[in-house]
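Please keep the model open beside the text as you read.

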Amino acid sequence: GGGGRSPSAGGGRPPAEQKARLTRAVKDFNDLEPFVKKGYWLEVQSGMRRKMGYARYDIENLSGKQPVDLVQKFEALDLACRAKDFDGAAAAYADAKEALASAVNGLA
């Protein structure tokens, strides 16, 4: 990869700390599943916003690139929640969960 390091958005946290935070984010995101199934849309949206803002920065810092795919999946879930669309939210949640897990697993 090129040597052009982007300025750290993680407040200079050590990578180990960012990874630990990402591991927690994955767990927290997985914990949202029952809320998605029950249609507790606000809980899903606020839980996702709170946790995934950090996850996005940490993945970006650790991988050196923006997790565009992941962000799109979160946005799709957010839209499905706003539309109170059970099927759409379930599908979007599954996609986002998979994208988050693979982004985190893809970090060295």
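Start where helix H1 touches helix H5: from H1, the residues Leu22, Ala25, Val26, Phe29 and Asn30 meet Tyr93, Ala96, Lys97, Leu100 and Val104 of H5. Sorted by class, this contact holds eight nonpolar residues, one polar and one charged. Now look along the two helices themselves. H1 covers residues 15-30, and its axis comes within 10 Å of the axis of H5, with a crossing angle of roughly 165°. An angle over 145 degrees counts as roughly antiparallel, and H1 and H5 are therefore roughly antiparallel to each other. Their crossing is left-handed.

Before moving on, a word on what you are looking at: this is a predicted model. The mean pLDDT over the chain is 89, and 89% of the residues reach at least 70. Helix H2, residues 33-38, has the highest confidence at 97, while helix H3, residues 41-63, has the lowest at a mean of 92. Where pLDDT is low, the predicted coordinates should not be read in detail.

With that in mind, turn to H3, which also packs against H5. Which residues of H3 and H5 meet? On the H3 side they are Trp41, Met52, Ala55 and Ile59, and on the H5 side Phe86, Ala89, Leu100, Ala103 and Val104. The residues of this contact are nine nonpolar, with no polar and no charged ones.

How do the axes of H3 and H5 lie? They come within 13 Å and cross at roughly 20°, which makes H3 roughly parallel to H5. H3 passes H5 in a left-handed crossing.

Next, follow the chain into the loop between helix H4 (68-82) and H5, where you will find Lys84. Lys84 has a positive phi of about 50°, although it is not a glycine. Is Lys84 buried or exposed? It is exposed, with a relative accessible area of 55%.

Finally, step back to the whole chain. It has five helices and zero strands, so reading from the N terminus gives the order α-α-α-α-α. Of its 108 residues, 33% count as buried. Among contacts between residues at least 6 apart in sequence, 71% join residues at least 24 apart.

Note on methods
Residues numbered from 1 in each chain as written. Predicted model: local features only at pLDDT ≥ 70, side-chain atom pairs only at ≥ 80, totals over all residues. Heavy atoms only, no water. pLDDT = per-residue confidence, 0-100. Helix = DSSP H or I, 4+ residues; strand = E, 2+ residues; numbered from the N terminus. Axes fitted to C-alpha atoms, helices over the stretch in contact; angles between N-to-C directions. Parallel < 35°, antiparallel > 145°, perpendicular 65-115°, else oblique. Left-handed = near helix turned anticlockwise from the far one by under 90°. Contact = heavy atoms within 4.5 Å. Nonpolar A, V, L, I, M, F, W, Y, C, P; charged D, E, K, R; others polar. Buried < 20%, exposed > 50% of the residue type's maximum accessible area, 1.4 Å probe, protein only.
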